[in-house]
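Let's take a walk through this structure together, one stop at a time. Have the sequence and the 3D view ready.

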Amino acid sequence: MASHAFEIRDIGLYRRRRWRNSVFVFACTGATLFGVVWLALIVAELLIQGLPGLSLSVFTERTMMSGGGLGNAIVGSLMMTAAGTVIGTVVGIAAGTWLAEYGRDGKLANVIRFISDILLSAPSIIVGLFIYAVMVQPMGHFSGWAGGVALAIILLPVVVRTTEDQLGLVPQSLREAASALGAHRWLIVTKVCYSGARAGIVTGVLLGCARISGETAPLIFTALNSNQWTTRMNDVMANLPMTLYQNMTINSFIPDLVQLAWTGGLLLTMAILALNIIARFVAR
Amino acid sequence: MSTPEYPSNMPLGADQHRLRALGRNHRLDLAFQGTTFVFAMLVLVTLFAIIASLAVAGYSTFATFGFDFFTLNRWSANQEIFGALPAIYGTLVSSAIAILIAAPISIGIAVFLTEKCPSKLRQPLATTVELLAGVPSIIYGMWGVQVLAPFLQRYFPSVLPAGTGLFTAGLILAIMIIPFITSVTRDVLMTVPKATRESAYGVGATTWEVTRSILLPSVKGGVVGAIILGLGRALGETMAVTFVIGNNLFFAPTLFGQGTSIAALIANQFPEADGAQRSALLALGLVLFLITLLVLTAARLMLRKMDRAHG
């Protein structure tokens, strides 16, 4: 009898627990849908608004008040992104190497690691202001180099982090084996460790490159923008993100330029998503 | 260093050759280590250079306004009155709204991905959420001003008559930081040993009970760290916010009204600014950097503690 009464009470409790759990699982599923649906909405909007404007002239013509294309902006963006990627990668790999191979658990290495993590999440607009204060103001003019350096600083912590992580994954026994064969430290790092960490570092660089190619805020204060064909890094430099920004704000009363902004947004987003996906494949 | 010894049967010429090679390699070793050290120090120098350069460039503003810089209720460039209060208020409120929306949703996604998701869907879903982090901020801004704001204006006209404002900015920020909070939360949830959660499921606990009593308590610090990290992102986000926050330069204690944020104010005014205004904007930049520095340091310390506890 007693056990029977217990079971009845138990069923009530069981139902309550099951109900509470269903609500929770339902909420988690809903949260996931909520999190994913935005990507679909944004990509759909880009396709709907951007595709109609897509034509060859978008790539071959420069931006004009009457519309034109995005050729100059694409060239400028590619040049500055390339400069930023090269500078940031060189410095980042070297710094990451020191952290993993020489600094290790030292106090200084921990401080640098911490600061690199802070820079990783620092607002990109601050980096732009910094380069404005140390490069643009002393030089007296905006320039593609300033834009490239600002992008390099944003990329830098990404590369530092992945380089260190990937070098840390190279087994210690490999270094010892190379050392036993008489290889010097620099040779061990450059020949043995780098080849073991290469895929991971390339992934990091690609992800960083994807990140800086969409950055707008730091370019407002460094490269500015231009409607002309620009290949001189020492001048103000046209770029895609700033062109989108200007077309959507100060020029938003010109329908052709708004159309161009959506088409540019589509190109930019697709390029960045493609880079992200490629990076994931390289990592495998 | 003592001279290395070589087998005595080695020819004399080769011995000298080897010695020279040894010396050359030693110098290369030093050069390599030195170079990497210089570049590592560059990371350190960058942070201090950022703070120093903004402090120097903004000094005249701090000297002119003193503490009033933080309490004046408007930013009026043509009168040379620079009060950071509206921008600071807008930054904090829009970020707070973003966190209130993003934190529970991100934790929900992370729990779903680690506990409930069919294994076939797990990778594609995680990748989709992470791709959201890759969409550039300017695209969120364009989408926010052309799609989201008109939508809100149309369906919630009593709350958001203009469609834009602090709440809309908070909503966009939430969408932008969900991927960051989710991926860090997922990482810390995965540090809970499989045996722990399986023994809980084994005695009949439901997913909710496992999450509430086992998972969240054991990774509390990491989840809080992830949320603070998201807050750090939200505070400094520029382009998306610039489009939808409304750019009202007068202080108004509101949640749904128009406002501005530090980053949006700088982005909007910097290109046309010079002299005192430019210095004031750089000073504002320093304020933003110090706020995010504080927040990010807290986040990193919490996440580092997690690393140590589980690593």
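In this predicted model, the second largest pocket has a volume of about 270 Å³. If you want to find the middle of it, look for A:L78, A:S213, A:L240, A:L268 and A:A271, which are the closest to its centre among the 13 residues that line it. Three elements of chain A each give two or more residues to this lining: helix 3 (71-103), helix 8 (185-213) and helix 11 (255-283). Which helix gives the most? That's helix 11 of chain A, with five residues. As for the kind of residues you'll meet there, the lining of this pocket has 10 nonpolar and three polar ones, and no charged residues.

Next stop, still in chain A, is A:T163. You'll find this threonine in helix 6, the stretch of residues 144-169. Is A:T163 buried or exposed? Its relative accessibility is 0%, so A:T163 counts as buried, the cut-off being under 20%. And what is A:T163 in contact with, once you set aside the neighbours within four places in sequence? The partners are A:G92, A:I93, A:G96, A:T97 and A:I201.

Now hop over to chain B and pick out B:V241. This valine is part of helix 10 of chain B, which covers residues 239-244. B:V241 has a relative accessible area of 2%, and because that is under 20%, this residue is buried too. Leaving out the neighbours within four places in sequence, B:V241 is in contact with B:A169, B:L173, B:S261 and B:A264. While you're here, have a look at B:G144 as well: B:V241 and B:G144 are 97 residues apart along the chain, yet their C-alpha atoms are separated by 8.8 Å.

Finally, step back and look at how the two chains meet. On one side, 78 residues of chain A take part, in contact with 80 residues of chain B on the other. Between them, chain A and chain B bury about 7,300 Å², and 79% of that is on carbon and sulfur atoms. How many salt bridges are there between chain A and chain B? The count is three. One salt bridge to look for is formed by B:E209 with A:R17, where the closest N and O atoms are 2.7 Å apart.

Methods: Residues are numbered from 1 along each chain as its sequence is written. Chains are lettered from A and ligands numbered from 1 in the order in which they are written. This is a predicted model: local features need pLDDT of at least 70, side-chain atom pairs count only at pLDDT 80 or more; totals for chains, interfaces and linings use all residues. Side-chain values use heavy atoms; hydrogens and water are left out. Helices (H or I, at least four residues) and strands (E, at least two) are DSSP runs, numbered from the N terminus. Buried means under 20% relative accessible area, exposed over 50%, partly exposed in between (1.4 Å probe, protein chains only). Contact means heavy atoms within 4.5 Å. On a 1 Å grid over the protein atoms alone, a cavity is a set of points where a 1.4 Å probe fits but cannot get out, and a pocket is an open set with protein on both sides within 12 Å along at least five of seven lines; lining residues have an atom within 4 Å of a point. Grid points are joined across faces, edges and corners, and a volume is the space filled by probe spheres set on the points. Ala, Val, Leu, Ile, Met, Phe, Trp, Tyr, Cys and Pro count as nonpolar, Asp, Glu, Lys and Arg as charged, and the others, Gly among them, as polar. Buried area is the accessible area (1.4 Å probe) that two parts lose on being put together, summed over both. A salt bridge is a side-chain nitrogen of Lys or Arg within 4 Å of a carboxyl oxygen of Asp or Glu.
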